Amino acid sequence: MHAQQKIKSLLDQLNTVIVGKTAQVQDCVACLLAGGHLLIEDVPGVGKTTLAHALARTFGLQFARVQFTADLMPSDLTGVSVYERGKEAFVFHPGPVFAQVLLADEINRASPKTQSALLEAMEEKQVSVEGETRALPHPFFVIATQNPHDQLGTFALPESQLDRFLMRISLGYPDRGAERLLLAGSDRRDMLDGLLPLLSLDDLAALQHQVLAVHTAEPLLNYVQNLIAATRSGRWFLQGLSPRAGIALMRAAKAQALIEGRDYVAPDDVQAILPQTIAHRLVPVGDAGRGAVEQVRAMVESVPLP
């Protein structure tokens with residue numbers, strides 16, 4: 001099946017479960033095709049967990065879910081060695097992190113110590129437990145959900161961990177038509193059981209390889225560098241993007257281009273994924289008077305197109 005047909009089938013199936021959020025669903029698919037981790041931030045009850053379940057099922061990947069709470073320990077994620085009398089030895093019992101898709105539900109309700117247990121897994125695709133390094137399955141994706149920071153019992157994610165997420169999206173409330181479908185239709189969670197895996201591991205690897213092969217012309221690279229330089233100018237943000245963030249931006253733009261059916265990155269691709277890819281890594285200057293996403297959009301207007 002052609003790449004665009006595969007991607008269209010992914011989007012169509014996901015949109016049957018997550019209604020009225022086609023742009024956000026496309027962002028999720030772009031994030032996973034680019035090999036990145038996804039952060040979904042919103043108030044409870046708008047479908048964050050359902051979306052994560054639907055993504056794992058549609059991509060045909062092994063799935064594990066962890067409900068993050070204040071008393072969750074790092075070993076609850078990575079696993080622990082238990083002494084087995086019959087073997088007269090300690091045997092390692094892997095934790096839920098040893099899955100192809102890990103749903104870290106309400107990640108900011110756990111302590112920073114537990115949150116940091118994911119850092120090595122997200123960056124290196126491995127975990128070090130009791131002095132031994134163990135590789136994680138391939139592919140390995142973290143889909144994390146978090147509640148707004150002003151809600152009780154939440155801990156802000158450290159900057160180093162936010163930087164490991166390729167994208168951060170927000171679902172928001174459904175419009176009136178989409179909400180009518182939710183109210184009158186069947187439960188979205190029940191629909192998850194009917195979702196079919198649409199990709200094999202080979203299919204996913206092939207699509208990710210195609211993302212990397214998407215062409216970037218010199219003028220486009222100049223445009224991206226101008227955007228990165230604008231974040232570092234001190235006019236818009238307290239600190240600018242790191243080189244790692246710039247690389248992440250390019251990967252996301254290539255995935256967006258492939259979804260749109262092109263083998264080259266256009267400025268529209270960069271602009272389409274820019275707020276989702278960089279806003280969570282940046283803090284607006286004190287007199288901005290707006291949030292990071294709005295500040296990114298204002299900055300984009302000031303940078304000339306190639």
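In helix H6 (residues 117-124), the residues Ala 117, Leu 118, Leu 119, Ala 121 and Met 122 are buried, where buried means under 20% relative accessible area, exposed over 50%, and partly exposed in between, with a 1.4 Å probe and protein chains only. Helices (H or I, at least four residues) and strands (E, at least two) are DSSP runs, numbered from the N terminus. Lys 125 follows H6 and has a positive phi, near 60 degrees.

The model is predicted, with pLDDT of at least 70 needed for local features and 80 or more for side-chain atom pairs, while totals for chains, interfaces and linings use all residues. Residues are numbered from 1 along each chain as its sequence is written, and side-chain values use heavy atoms, with hydrogens and water left out.

**Helix H2**

The buried residues are Gln 24, Val 25, Gln 26, Asp 27, Cys 28, Val 29, Ala 30, Cys 31, Leu 32 and Leu 33. At 1.5 Å a residue, H2 should span 16 Å, and its end C-alpha atoms are 16 Å apart, which agrees; the expected span is 1.5 Å times one less than the number of residues. After H2 comes Gly 35, with a positive phi near 80 degrees.

**Strands**

Strand E5 (residues 101-105) has five of its five residues buried, so E5 is largely enclosed by the rest of the structure. Val 101, Leu 103 and Asp 105 point one way from E5, whereas Leu 102 and Ala 104 point the other way. Two strands pair if DSSP finds at least two bridges between them. E5 pairs in the parallel sense with strand E2 (residues 63-67) over five bridges, and Phe 63 stands opposite Val 101. E5 also pairs in the parallel sense with strand E8 (residues 141-146), over four bridges; here Val 101 stands opposite Phe 141.

An antiparallel pairing joins strand E3 (residues 79-84) and strand E4 (residues 89-94) over six bridges. Gly 79 has Pro 94 in E4 as its bridge partner. The hairpin of E3 and E4 has four residues between the strands, and Glu 88 takes a positive phi near 50 degrees in this hairpin.

**Salt bridges**

Side chains of opposite charge can pair when their charged atoms come close. A salt bridge is a side-chain nitrogen of Lys or Arg within 4 Å of a carboxyl oxygen of Asp or Glu, and the structure holds 12 of these salt bridges. The table lists some of them.

| Salt bridge | N to O distance |
|---|---|
| Arg 65 and Asp 105 | 2.8 Å |
| Arg 134 and Glu 132 | 3.3 Å |
| Arg 244 and Asp 163 | 2.8 Å |

The side chains of Arg 65 and Asp 105 meet in a salt bridge. Arg 65 lies in strand E2 and Asp 105 in strand E5, so the pair ties together parts that are 40 residues apart in sequence. Arg 65 counts as partly exposed at 41% relative accessibility, whereas Asp 105 is buried, with a relative accessible area of 3%.

In the bridge between Arg 134 and Glu 132, Arg 134 counts as buried at 17% relative accessibility, and Glu 132 counts as partly exposed at 43%.

Arg 244 forms a salt bridge with Asp 163. This pair links distant parts of the chain, 81 residues apart: Arg 244 is in helix H12 (residues 243-259), and Asp 163 is in the loop between helix H7 (159-162) and strand E9 (165-169). Arg 244 counts as partly exposed at 35% relative accessibility, and Asp 163 counts as buried at 15%. Salt bridges that share partners join Glu 123, Asp 163, Arg 164, Arg 244 and Arg 281 into one network.

**The largest pocket**

On a 1 Å grid over the protein atoms alone, a pocket is an open set of points where a 1.4 Å probe fits, with protein on both sides within 12 Å along at least five of seven lines; lining residues have an atom within 4 Å of a point. About 490 Å³ of space lies in the largest pocket, the volume being the space filled by probe spheres set on points joined across faces, edges and corners. Its lining has 20 residues, of which Glu 159, His 280, Arg 281, Leu 282 and Val 283 lie nearest the centre. H7 gives the most to this lining, with three residues. By class, the lining has nine nonpolar, seven polar and four charged residues; Ala, Val, Leu, Ile, Met, Phe, Trp, Tyr, Cys and Pro count as nonpolar, Asp, Glu, Lys and Arg as charged, and the others, Gly among them, as polar.
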